[in-house]
Amino acid sequence: MKAAFLPDRGVVKVSGEDARNFLNGLITTDVEQLRPGQARFGALLTPQGKIIVDFLITEIPTGHGGGFLIDAPRPLAKGLADKLGFYKLRAKVVVENLSDSLGVLAAWGGEPAAIPDLAFADPRNPALGWRILIPQDLTQKLADLIGADLVDDSAYEAHRIATGVPRGGLDFMYGDAFPHETNMDRLNGVDFDKGCYVGQEVVSRMQHRGTARTRTVKIILDGPSPEAGATILAGDKQVGTIGSTAGEKGLALVRIDRVADALDAGLPLTAGGLALHLAEPGSVRITPKQTVA
């Protein structure tokens, strides 16, 4: 088993007697179903349904004071705390940015020998393993406790990319992407049965009409990695952009209809003059919505 402290992650705490209902009315995942030792993947959206910030959220055991901890991109943690503070109005809620004192340890490639407090399985994909919310100075101690070899965070990045899970700021831009475009609907990040939340109407419409035409897909590179943001071409037509890469593996944000047409026509995909292939060609095929007779 491997473990890595992720310096790009921060932690926001939301507590108070109204915290559960408050969060449930704002974010894409169902906080009503959340319990200590578990986590949910979710996001706070604009009213137009685009991602402001995505995150993992876990409930704090009552022995640690209760409330919720949000594992979010560290550069966006303060903005998230401020945004939640803006929404709270008269709700009995306290929002704190704990990123200077609490961070995130990722562990993967096996099962931990012990389950520490504030640990949870990553809900996006079982292959991503576990997350443990800890102060950075306890990194080695926690790695020893769970029986993991401590490695650089770049090893986790390579594992994330191979698993096909996108990262905001690299594989998509915050404020510019819908949840379906980043596969949140496929990574357990959107609950389509819960009540209203900010941006819910747009996301539900995309789900029920099947109108998502842009998706994050796994790619295989035939040579050196192009820079993130490089244009992907099918022949001479732009069909997407390169996201994060590690070795021959990478992620890309593509127009799936255009890529599917290119595959059917036998057109090669290139970026910066270098050839690339889809790791899973079926990922760009749209499944027709079933209708009730």
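Predicted model: local features only at pLDDT ≥ 70, side-chain atom pairs only at ≥ 80, totals over all residues.
The overall form of the protein chain was considered next. The protein chain has 6 helices and 16 strands. Its C-alpha atoms fill a box of roughly 60 × 50 × 35 Å along the principal axes. The radius of gyration is 20 Å. A compact globule of 293 residues would have a value near 19 Å, so the two agree. Of the 293 residues, 49% are buried. The accessible surface comes to about 13,700 Å². Carbon and sulfur atoms account for 50% of that surface. Among contacts with a separation of 6 or more, 68% join residues 24 or more positions apart.

Strand β5 spans residues 68-73. It is largely enclosed by the rest of the structure, because 6 of its 6 residues are buried. Two pairings of β5 were examined. Strand β2, residues 9-15, pairs with β5 in the antiparallel sense over 6 bridges. Within this part of the fold, Val 11 has Asp 71 of β5 as its bridge partner. Strand β4, residues 51-59, also pairs with β5 in the antiparallel sense, over 4 bridges. Here Thr 58 has Leu 69 of β5 as its bridge partner. In a regular strand, side chains alternate between the two faces of the sheet.

Helix α5 covers residues 200-209. Its buried residues include Val 202, Val 203, Ser 204 and Met 206. Strand β3, residues 39-45, is part of what covers the buried residues of α5. Just after α5, Gly 210 takes a positive phi of about 65°.

The loop between α4 (153-163) and α5 holds Thr 182. Thr 182 has a relative accessibility of 2%. Buried means under 20%, so Thr 182 counts as buried. Beyond residues up to four places away in sequence, Thr 182 touches Ile 51, Pro 166, Phe 172, Ala 177, Leu 187 and Thr 216. One of these, Ile 51, falls within the residue range of β4. Thr 211 lies 29 residues from Thr 182 along the chain. The C-alpha atoms of Thr 182 and Thr 211 are separated by 14 Å.

Notes:
Residues numbered from 1 in each chain as written. Heavy atoms only, no water. Buried < 20%, exposed > 50% of the residue type's maximum accessible area, 1.4 Å probe, protein only. Contact = heavy atoms within 4.5 Å. Pairing = 2+ DSSP bridges. Rg over C-alpha atoms; globule rule 2.2 N^0.38 Å. Areas by Shrake-Rupley, 256 points an atom, 1.4 Å probe, with all protein chains shown as cover.
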